[in-house]
Amino acid sequence: MSAESVYTIVDDLGALLLFTMILILAAGQIYRAIYAVAAQSLLIAIAGGVLATATGNVDLWVIAGVTLGVKAIALPWVLLWVVRRMNVRREVEPVIPVAATLTLAVMVVVMSFHVSASLGSVRHAITGNALPVGIALTLLGVLVMATRKTALHQMVGLFASENGIFFTAMAVTQGMPLIIEIGVILDVILAALVMAIMVLRVRSTVDADIASLDRLRG
Amino acid sequence: MTGESPLGLVLLEMAVLVVLGPLVTGIIQKLKARLQCRQGAAVLQPYRDLAKLFRKGTVQADTASGFFWWIPVLVLAATVAAGALVPVVRTGPSAFPLGDALMLLGLLALARFLTAIGALDAGGAFGGMGASREMTIAPLVEPVLMMVVFSTAVAAGTTELGALAAQRGTSWILDWHAADFLGFAAMLVLLPSETGRIPVDNPDTHLELTMLHEGMLLEHSGPGLGCMALASHTRQIVTLGLVSALFFPVAADGADATGLLLGAGAFAAKILVLATYLALVESSYAKLRLFRVPQYLAIGFVCALTALALRIL
């Protein structure tokens with residue numbers, strides 16, 4: 001593949017990643033957000049595959065495979081399992097209205113493009129629009145974490161944010177050392193397991209949500 | 001086919017759109033029925049409904065003013081005029097100044113405005129409710145449609161629909177830029193709203209709590225109602241034509257008969273694909289609560305704005 005077509009494909013994948021991110025932000029029900037984040041991870045895996053073909057970096061193939069297996073299949077499955085197990089209200093409970101979140105999201109996207117545009121010549125050394133898209137994904141993931149009350153939804157935000165970092169790292173450096181990527185993935189799995197266990201435990205012992213855990217009592 | 005299109009061709013295309021509008025509605029209804037394991041009415045049913053309406057007499061509310069009689073005619077005229085701006089078999093600019101995509105959206109907005117005015121004029125409670133709802137939704141949809149048009153127009157350097165379609169070229173997704181994906185996504189979100197379908201509006205219901213567009217037609221009867229129905233069929237196919245001109249490739253180059261035939265076939269295929277999408281969405285989603293609609297439309301807004309940001313920044 002020529003460098004030109006790789007740029008185009010990574011750009012297109014970036015647009016689709018932004019679209020899945022918007023779906024996560026606007027999802028009215030928790031399982032839709034989970035499906036959207038799974039689709040996002042799938043797109044990340046495809047981006048990894050494309051970059052691997054382009055650069056001939058074998059590590060990227062491994063990372064694409066691990067992303068596909070862990071983040072696109074295993075983790076969403078765990079989340080859906082927790083949703084079923086907990087029998088929670090399926091509706092999303094936002095801190096601020098979803099429309100306000102979406103407005104904030106627009107500002108974040110425009111800002112990350114603006115900031116990246118100011119980089120000038122550095123930006124042209126980087127694959128297409130990957131840097132602004134990656135920054136936007138990371139910040140929007142944080143936005144999801146900040147504006148949702150339930151722990152499950154915050155996990156979805158964490159995964160989305162992590163996807164953003166992954167995408168930036170892959171596109172900008174054309175593949176980080178394998179050991180770092182594996183470490184990051186292990187961190188995410190660990191975080192997911194800890195949070196899943198915590199959510200289930202908290203639920204089963206005190207029947208409370210994360211939002212109620214905002215005060216210390218002596 | 002690229003090139004300048006003469007007046008005759010434009011008028012012919014406009015007539016084709018008006019004639020085929022009810023057929024598209026019929027196809028969507030048939031598809032929906034099949035998806036729900038029903039036999040469904042024949043594809044030609046909308047034509048029969050129209051023929052029946054045009055044979056009937058008119059009953060008008062006592063409170064309606066003289067202007068009320070003109071409403072259906074004006075709505076139909078505005079919508080049909082919008083149809084003239086949609087490229088069907090031709091691409092490329094027309095041979096004479098005709099108007100662009102903004103003109104098309106403006107004419108559709110005019111038709112919507114007149115429909116709402118008519119509903120208020122008759123003085124019925126449902127008409128007023130339908131009008132107020134429609135006018136709540138419209139300002140959320142129209143700017144986003146314009147932004148989608150702009151996001152493609154920025155790349156092509158023109159807002160003339162024929163030229164935009166010519167710019168799209170003959171290649172398929174390979175030719176799409178990142179912004180096109182987001183623009184198309186925004187368009188897919190907006191399509192059900194613009195054609196008055198689930199999840200925003202339900203074209204089949206006459207239940208007072210759920211209807212938007214149908215509520216505004218309650219006071220019309222006979223040929224007037226026929227005009228309004230024909231206008232909404234035409235509006236649907238015009239919107240689908242707008243989407244296919246903005247995002248789908250053209251079939252072939254060449255101004256001869258083969259080119260025309262190929263163009264017509266490709267147009268039919270594109271409209272069919274979009275009609276199938278509408279039928280699928282309508283069969284698999286429930287109608288949204290009215291207060292959830294802005295949230296749904298906000299997805300389209302964010303997508304369109306991001307598409308513009310990708311284009312400009």
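Hi everyone, let's start with chain B, which has eleven helices and zero strands; helices (H or I, at least four residues) and strands (E, at least two) are DSSP runs numbered from the N terminus. Before going on: this is a predicted model, where local features need pLDDT of at least 70, side-chain atom pairs count only at pLDDT 80 or more, and totals for chains, interfaces and linings use all residues. Residues are numbered from 1 along each chain as its sequence is written, while chains are lettered from A and ligands numbered from 1 in the order in which they are written.

Back to chain B. Its radius of gyration, taken over C-alpha atoms, is 19 Å, close to the 20 Å that the globule rule gives for 313 residues, so chain B is as compact as a globular protein of that length. That rule is 2.2 Å times the number of residues to the power 0.38. Along the principal axes, the C-alpha atoms of chain B fill a box of roughly 55 × 40 × 40 Å.

How much of chain B counts as buried? The figure is 50% of the 313 residues. Here a residue is buried if 20 or more other C-beta atoms lie within 10 Å of its own, exposed if 12 or fewer, and partly exposed in between, with C-beta atoms placed from the backbone. As for contacts (C-beta atoms, placed from the backbone, within 7 Å), residues 24 or more positions apart account for 81% of those in chain B with a separation of 6 or more.

B:Leu17 is 66 residues away from B:Gly83 in sequence, yet their C-alpha atoms are 6.7 Å apart. Not counting residues up to four places away in sequence, B:Gly83 touches B:Met14, B:Leu17, B:Val18, B:Thr234 and B:Val238.

Now for some helix packing. In chain B, the axes of helix 9 (residues 222–247) and helix 10 (residues 257–284) come within 10 Å and cross at roughly 110 degrees. Axes are lines fitted to C-alpha atoms, for helices over the stretch in contact, and angles run from 0 to 180 degrees between N-to-C directions. Helix 9 and helix 10 of chain B are therefore roughly perpendicular to each other; angles under 35 degrees count as roughly parallel, over 145 as roughly antiparallel, 65 to 115 as roughly perpendicular and the rest as oblique.

Over in chain A, helix 1 and helix 2 (residues 30–55) pack at an angle of about 170 degrees, their axes 9 Å apart. That makes helix 1 of chain A roughly antiparallel to helix 2 of chain A. Their contact divides into 18 nonpolar, two polar and no charged residues. Ala, Val, Leu, Ile, Met, Phe, Trp, Tyr, Cys and Pro count as nonpolar, Asp, Glu, Lys and Arg as charged, and the others, Gly among them, as polar.

Finally, where do the chains meet? 20 residues of chain A are in contact with 17 residues of chain B. On the chain A side, helix 1 (3–26) and helix 4 (98–117) each supply at least two residues, and helix 4 of chain A gives the most, with ten. That side of chain A divides into 15 nonpolar, three polar and two charged residues. Thanks, everyone!

Technical notes
Contact = placed C-beta atoms within 7 Å.
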